[in-house]
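Please read the numbered points alongside the sequence and the model.

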Amino acid sequence: MSKDIAIPDEAKKMIGKESTPQSYEITKKDIRRFAQAVAIGKDPNPLYTDEEYAKKSKWGGIIAPPLFFFSCYYEEVPESQLREDGLPQGTEIDVPLPVSQAVGGGSAVELGAPVRPSDVITLKKKIVDVYCKQGKSGKLYFSVIESTYTNQRGQFVARERWTLIQR
Amino acid sequence: MWLERGGPLSNAKMSNRIQITKVAPSFEELQVGSEISPITKEVTKVQIFMFSAVTWNRHRIHYDSDFAQTHDKLPNVLAQRPLLGSFLAQMLFDWVGEKGKIKRVEWSNRGPAVPDDILTCHGKIVKKCVIDGEHLVELEVWIENQRGEHIVPGKAEVIFSPSS
């Protein structure tokens, strides 16, 4: 793939743009459901669901699965603000591109403090880069998005950098 | 499904059924080149839907097969990037347990993961070292499907607690 095809100016302007922080209070139910969705037909690790079991662990209580922070990553937009494929548009960090299809590329996650029930997780997103390459079937647009998660004690919880590929 | 299998009421029996396989030995005993215990996931459409629900993901390619096929030319609804990453993280967490913590995990999606796929997560120790007092283990991780295709390559760093 060749590199460095120009991107629209409106898209270029979005590089460096940060979202308004969003905060969510985490419940035991949130953690349990996330754990069940990852576990498939098996029971999740009781560390995520069973207070008595979790109390005896080194964490001293229920914690969330390692990548639970993903459950806080979404855009607060109504259905009317979704494009045909269901992705949100017109958000603070929406990069305007001539595209209609999207797929998640790579992710790099750094982990800090585990998430626990009653934690308030604050998430901030940032557009780190936008670029375009010529693919076999047309132009491919790449948006690199970084999201940082902290808890109510100001501890670092997670940082994710992922690449959204669109055409 | 959860209740049928015992659910929260039968915690006493739970320890026999959890998918915790061989846990990591101590940092000193870890061998570069050795593989950690793999885990297997049989992907279902319901599970992909459940994961979209818990992450409030409204991207149609994860729940609308017709749309996925006609609009995005995909074989079926796709397992989500964070779900595939969560499989890898589960493998690492099951392995390291209370002996340490996952510091980093990276993965990329090279091929589609769709319902009825049988995915196996693998990890191989590529390096171990002590940096600034941290007992660090670097792993190559990957997800392989039932055809042996490495659809998700990646890497990870796990920190072992000094006492382990």
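Which residue of S2(B) is the bridge partner of A:Glu110? The first point gives the reply.

1. Strand pairing between the chains. The bridge partner of A:Glu110 in S2(B) is B:Arg104. Strand S3 of chain A (residues 102-111) and S2(B) run antiparallel and are joined by five bridges; two strands count as paired if DSSP finds at least two bridges between them. Helices (H or I, at least four residues) and strands (E, at least two) are DSSP runs, numbered from the N terminus.

2. Basis of the note. This is a predicted model, in which local features need pLDDT of at least 70 and side-chain atom pairs count only at pLDDT 80 or more, while totals for chains, interfaces and linings use all residues. Residues are numbered from 1 along each chain as its sequence is written, and chains are lettered from A and ligands numbered from 1 in the order in which they are written.

3. Chain B in outline. Chain B has four helices and five strands, arranged along the sequence as α-β-α-α-α-β-β-β-β.

4. The contact between the chains. Chain B contributes 45 residues and chain A 39 residues; residues are in contact if their C-beta atoms, placed from the backbone, lie within 7 Å. On the side of chain B that touches chain A, H4(B) gives the most, with eight residues. That side has 18 nonpolar, 15 polar and twelve charged residues. Here Ala, Val, Leu, Ile, Met, Phe, Trp, Tyr, Cys and Pro count as nonpolar, Asp, Glu, Lys and Arg as charged, and the others, Gly among them, as polar.

5. Helix H4 of chain B. The 16 residues of this helix (residues 81-96) should span 22 Å at 1.5 Å a residue, and the end C-alpha atoms are 23 Å apart, which agrees; the expected span is 1.5 Å times one less than the number of residues. Because 15 of its 16 residues are buried, H4(B) is largely enclosed by the rest of the structure. Just after the helix, B:Gly97 has a positive phi of about 50 degrees.

6. The largest nonpolar core. A nonpolar core is a set of buried Ala, Val, Leu, Ile, Met, Phe, Trp, Tyr and Cys residues joined through C-beta atoms within 7 Å. The largest has 64 residues, of which A:Phe69, B:Leu88 and B:Leu92 touch the most other members. H4(B) gives the most to this core, with nine residues. Neighbours within four places in sequence aside, B:Leu88 is in contact with B:Val105, B:Trp107, B:Cys121, B:Val141, B:Ile143 and B:Gly154.

7. Helix H2 of chain A. Nine of the twelve residues of H2(A) are buried, so this helix is largely enclosed by the rest of the structure. Its buried residues include A:Phe34 and A:Val38, and their cover includes H2 and H4 of chain B. A:Ile40 follows H2(A) with a positive phi, near 50 degrees.

8. Domains of chain A. Chain A is divided into domain 1 (2-25 + 78-166) and domain 2 (27-63), with bounds from an automatic or database domain assignment. Their C-alpha centres lie 28 Å apart. The contact takes five residues from domain 1 and seven residues from domain 2.

Note on methods. A residue is buried if 20 or more other C-beta atoms lie within 10 Å of its own, exposed if 12 or fewer, and partly exposed in between; C-beta atoms are placed from the backbone. Two residues are in contact if their C-beta atoms, placed from the backbone, lie within 7 Å.
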